[in-house]
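Here is a short note to go with your first look at this model. Please keep the structure open while you read the points.

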Amino acid sequence: FGTLFNTYGFFSLYANIDEWAPAAGKIVPVANRPEIDRWIISKLNSLVKEVRQQLADYEPTKACRAIEHFVDAHLSNWYVRLYRRRFWKGEMNADKQAAYETLFECLLTTSQLMSPVAPFFSDWLFQNLAAPAREHGESADARLQHESVHLTLLAEAKEDLIDLDLEQRMDYAQRTSSLVLSIRKKNSINVRQPLQKILLPVLDESFERHVEDVKDLILAEVNVKEISYLRDDDEGFLKKRIKPNFKTLGKRLGKNMKAAAQAIGQFSQEDIAAVEKSGSYTLKVGDEQFELTLADFEITTEDIPGWKVASDGSLTVALDLTLSESLEAEGMARELVNRIQNIRKGKDFDVTDRIKVMISEEEAIQKAVAAFGGYIKGEVLADELTVGATNGGEEVELPGDIKATIGVERVA
């Protein structure tokens, strides 16, 4: 319950600050909300359908796993994390109102869905959401009139709010971002270091359109400059290897396993591409034939010089790890911003205080300040930024085993 508890804590903190409560006359129609709101509402209603079906089939474990995945992967780690600024920015407007309404609906419906298997926590969550709404709001939502989640009718999916096309393109955004970040982590490349390019093999006719719709979101999340696509005539760029999944095929094929492994090992790049595209394959071994699915194969992609590759099912990502001087300078500039902001916090400066910054002389730092000095000053609210003598300051560590001294002073 930790993630759900923290998500509610985030919501209640800002809702209390803004004295927000659902009001019937102020609700922003879902169709008029930003795409990210429509996406999480769509995922919520898809979840309602799945949970109701699993409970009807006496599968509470599957229902719980679906709720857990929704809260962890979609609601907390994507919706709230990426768009939390909407809750703490300025005065109430239509965008902020939509954000509150969307997160409130997700939390309230989740409390209902989990109530059969987590009766106490779900009721605590429901009462914390419903009581303030009854006291301060004028919502027409019948659920809020009850004092316990166990007195409400289990939520039903609203089919008109489910947008599978939107869910698909956001799924591509999440999976692509996750693969790129995994490559960064594996190769010890900090997210603050920008990279140049992602290559994505096109999966089907709609893939490129879907990714283009969320391209800006992906690039911002992983700090990469551009996305390019590999089409059928470029397929030789990526080399793939395939072998049988012995866990799924061992019992099914039995004595034929060895012959099947040899046959699968001889697949050409075209054969592998066909398996990935169709998701199935008919394997003939002697006089027998077996219907295989994508889960019956283990497909990996070989790295390319200067690139690293990762896959998630049929989705493959190639990331260019080559660092130009410009990229290195921008990465250093971002690192300097991070260190200067930490020093500001340590000195307990007000967020609006103007400062002057002095950084000890290092070649990499000089290049970063020369190219991105304006960016650094804008991010840390610096009126002055100099490289040279610091007259004291704090020693910090930077990429490339660089130790620098940064002096930060408040401007009177």
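Predicted model: local features only at pLDDT ≥ 70, side-chain atom pairs only at ≥ 80, totals over all residues.

1. C64 takes part in none, and the nearest cysteine sulfur to it belongs to C106, 18 Å away.

2. The cut-off for a disulfide is 2.5 Å between the sulfur atoms.

3. Are these cysteines buried or exposed? C106 has 0% relative accessibility and therefore counts as buried. C64 is partly exposed, with a relative accessible area of 31%.

4. Now the chain as a whole. It contains 14 helices and 12 strands. The C-alpha trace spans about 85 × 60 × 35 Å along its principal axes. The chain has 412 residues, and 45% of them count as buried. Take the contacts between residues at least 6 apart in sequence: 73% of these join residues at least 24 apart.

5. Look next at H74. This residue is found in helix 3, which covers residues 60–83. H74 has a relative accessible area of 7%, so it is buried. What does H74 touch, once residues up to four places away in sequence are left out? The list is W39, I40, K43, H69, Y79 and Q174.

6. Then turn to a helix pair. Two packed helices are described by the angle between their axes and the distance between the axes. Helix 13 spans residues 325–346, and helix 14 spans residues 363–380. They pack at an angle of about 50 degrees, and their axes are 8 Å apart. That angle makes helix 13 oblique to helix 14. The crossing of the two is right-handed.

7. Which residues make this contact? Helix 13 contributes E325, S326, A329, E330, M332, A333, R334, L336, V337, I340, Q341 and R344. From helix 14 come A364, I365, K367, A368, V369, F372, Y375, I376, E379 and V380. By type, the residues of the contact between helix 13 and helix 14 divide into 14 nonpolar, six charged and two polar.

How values were computed: Residues numbered from 1 in each chain as written. Heavy atoms only, no water. Buried < 20%, exposed > 50% of the residue type's maximum accessible area, 1.4 Å probe, protein only. Axes fitted to C-alpha atoms, helices over the stretch in contact; angles between N-to-C directions. Helix = DSSP H or I, 4+ residues; strand = E, 2+ residues; numbered from the N terminus. Parallel < 35°, antiparallel > 145°, perpendicular 65-115°, else oblique. Left-handed = near helix turned anticlockwise from the far one by under 90°. Contact = heavy atoms within 4.5 Å. Nonpolar A, V, L, I, M, F, W, Y, C, P; charged D, E, K, R; others polar.
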